[in-house]
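Colleague: I would like to learn how to read a model of this kind. Please take me through it feature by feature.

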Amino acid sequence: MIAPELAAKIRRIDISTRKAVREAVAGRWHSAFKGRGMEFEEVRPYVPGDEVRTIDWNVSARTGEPHVKVFREERELSIVLAVDLSGSLQYGTRGRLKRELAAELAAILAFSAVSNNDKVGLLLFTDRVEKWVPPRRGRGHVLRLIRELLAFEPVGRGTNLGGAIDELARALHRPSVLFVVSDFLDRGWEQPIARTGLRHDVIPVVVEDCAERQLPKAGIVAFTDPETGATRLVDTSSRAVRRHFESAAAAASEARDRALSRTQMEAVRVDTDCADLVEPIVACLRRREERRGR
Amino acid sequence: MLSAISLLQWPFLLLLPLAALPWLGRLRWFRRTVAIHSRGDLLAQAPASLRTGTWWLSPVLRSLAIALVVLSLARPVLTNQESRTFTEGAAIELVVDRSGSMLAEDFTIGRDRTNRLEAVKHVATNFIRGGEGLTGRPHDLVGLTVFARFADSVSPLTTDHDYLVEALDGTRPATEQSESGTAIGDAVALGVERLRDTMQSANRDGHERVKGAALILMTDGENNAGDTDPMSAAELAKTLGIRVYAIGVGTRGYAPFPVHGPGGRIVTYQQQPVTIDEELLTAMADATGGKYFRATDTDGLKKIYEAIDVLEKTRVEQRVNTFHRDLAVQGFGLGGRDVPPLLALAAALVALDALVAATWGRSLGN
């Protein structure tokens, strides 16, 4: 049974994104992930008319007769959404929480996938894997995923991004498209992501709040870390404190961006105050197309 | 001087938990201002500003102030006890015979045979200073008169007992022919005169500083010189309220007198009869309310002095004055430092807290 307000929310996301998904995403969806959808089928003897560039030179040399590799384009992609639900996502100063932002982004991606007849799976994680829904097709499945995204109550509070990605990679048998929706406020995720990126198409989706880059001037506040529970009295009116926070936050996000760009992945960055969530996704897809076009 | 701090109304100390109130307030404020921030890791490294670094200052000041007020309610009182010893000593005049007959060696000190004068000196010294079972007379005025043919006041009545003992020690027997004789009457009269002078000057301004006067006469012979009749001297003592303790010094029967050869060396001893006018001495003692003793050896002499010691009591009075200081409103000294009144201290803490609250502590929810 779905709570009425939850149902309303799902409907709102569905309606608000449907048009955009149809118009802006639909055409780009498969072309953005094309190639990944090609699956090797067989090697057969060359028949005149076959494209020369499909000839498998190794097999041809071994058998003495020309052979070609035949690929079958996979019509359906397997999209997996790995969404961070850790304590740090329960934060947001503009419009929505990071968790809500992550859920909405994931919902848009799921709708996009389902309208292109792709399978969608969902992994919810904190410091452990909280929920794993294997990829399946169909609108009903997507609605279920969105319900989980919005309503799931995680047990853990911390973050173990690397561990979640490694476990996901173990669970996936076929190369898939992975959207990793997280704030990346963790350590040790760089290697697992790079590792997984070798087999799967990984797209990091970074959700942020502007208060994570800049401390608002709010007098003295006892700040609690939602993941560790540690509380600290911070004088946000102090220029030195704010400057220290800004430079530390800038250094941290720079380190994160450097680690992401090393993996050659096309990352999406979204702030909680972003009004049009489809636009960054479309931009990301467009960038991928352009890169392939090169 | 004895000092102690006591809490006269200690049940007020039960209010002491009130001192925790500022901390509860701070805790409530903490709860109110607490906010979640996802970058707790970065905030944990944020430097403390003056305001966040001193968040505890106000509760500390307030708690201390409350504790001090509660302590003041419990009424701490510093009690000083000052005890003063007032002594009303007696005046004792020693009248010592130093006639030639005192050289008779019928006494012993320890194991050594000694003459009467030395024995008298020895025991009288112990009587004054204490020792060998005698308690001493530290609060008494003691004077010394010696006599042979003539009476001679050697030391006025004094509490400077060192001087007196020295004077006593310096007493030499009268060996000159011109000095020979025993002027008991003159000596007692002189001693009484000395006592009278002292008592008059000591008690001049109404205070009885000297209570009781006694004269201790030590002799080994009969009155055979001087102008004053011994009984008249005793009468004089009696009118002045002076008790005369007479001690006849000398063994019974015969006593060995040293015979000096040329150069002063003792060549031999000559047995001579002991002639003490015990009748006279007893009469003198009785007439004045004193007592006559006969000392035949050093031990006996000591016992006599013990008896006199008991008879001539010194009145020692201790007065205790107690002062109270209410520490809540009166400053006090603690470990050599002046501590202001507790309530003033509390007021100062409150003022300091107000100052902090009015300046940098304003946004700390004060």
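Modeller: What follows covers confidence, the chain contact, the sheets and the helix packing.

Colleague: What should I know before reading any numbers?

Modeller: This is a predicted model, in which local features need pLDDT of at least 70 and side-chain atom pairs count only at pLDDT 80 or more, while totals for chains, interfaces and linings use all residues. Residues are numbered from 1 along each chain as its sequence is written, and chains are lettered from A and ligands numbered from 1 in the order in which they are written.

Colleague: Where in chain B is confidence lowest, and where is it highest?

Modeller: The score is pLDDT, the predictor's confidence in each residue, from 0 to 100. Elements are DSSP runs numbered from the N terminus: helices are H or I with at least four residues, strands are E with at least two. In chain B the lowest mean, 74, belongs to strand 15 (residues 332-334), and the highest, 91, to helix 4 (residues 57-73). Chain B as a whole has a mean pLDDT of 82, with 93% of its residues at 70 or more. For the model, ipTM is 0.73 and pTM is 0.57.

Colleague: Which strands of the two chains are joined by bridges?

Modeller: Two strands pair if DSSP finds at least two bridges between them. Strand 8 (residues 220-224) of chain A runs parallel to strand 2 of chain B, joined by 3 bridges. Ala222(A) is opposite Val34(B), and Thr224(A) is opposite Ile36(B). The open sheet has 3 strands in the order 9(A)-8(A)-2(B), with mixed pairing. Strand 9 (231-235) of chain A and strand 2 of chain B each have a single partner strand, so one side of each lacks a neighbour in the sheet.

Colleague: What is the strand order in the sheet of chain B?

Modeller: Its 6 strands form an open, mixed sheet in the order 8-7-4-9-10-13. Strand 8 (151-158) and strand 13 (291-295) of chain B are the edges. Strand 9 (residues 213-219) and strand 10 (residues 242-249) of chain B pair in the parallel sense over 7 bridges, and Thr219(B) has Gly248(B) as its bridge partner.

Colleague: At what angle do helix 1 and helix 3 of chain A pack?

Modeller: Axes are lines fitted to C-alpha atoms, for helices over the stretch in contact, and angles run from 0 to 180 degrees between N-to-C directions. Helix 1 (residues 4-33) and helix 3 (residues 98-115) of chain A pack at about 55°, with axes 9 Å apart. Angles under 35 degrees count as roughly parallel, over 145 as roughly antiparallel, 65 to 115 as roughly perpendicular and the rest as oblique. Helix 1 and helix 3 of chain A are therefore oblique to each other. Their contact has 8 nonpolar, 3 polar and 4 charged residues.

Methods. Nonpolar A, V, L, I, M, F, W, Y, C, P; charged D, E, K, R; others polar.
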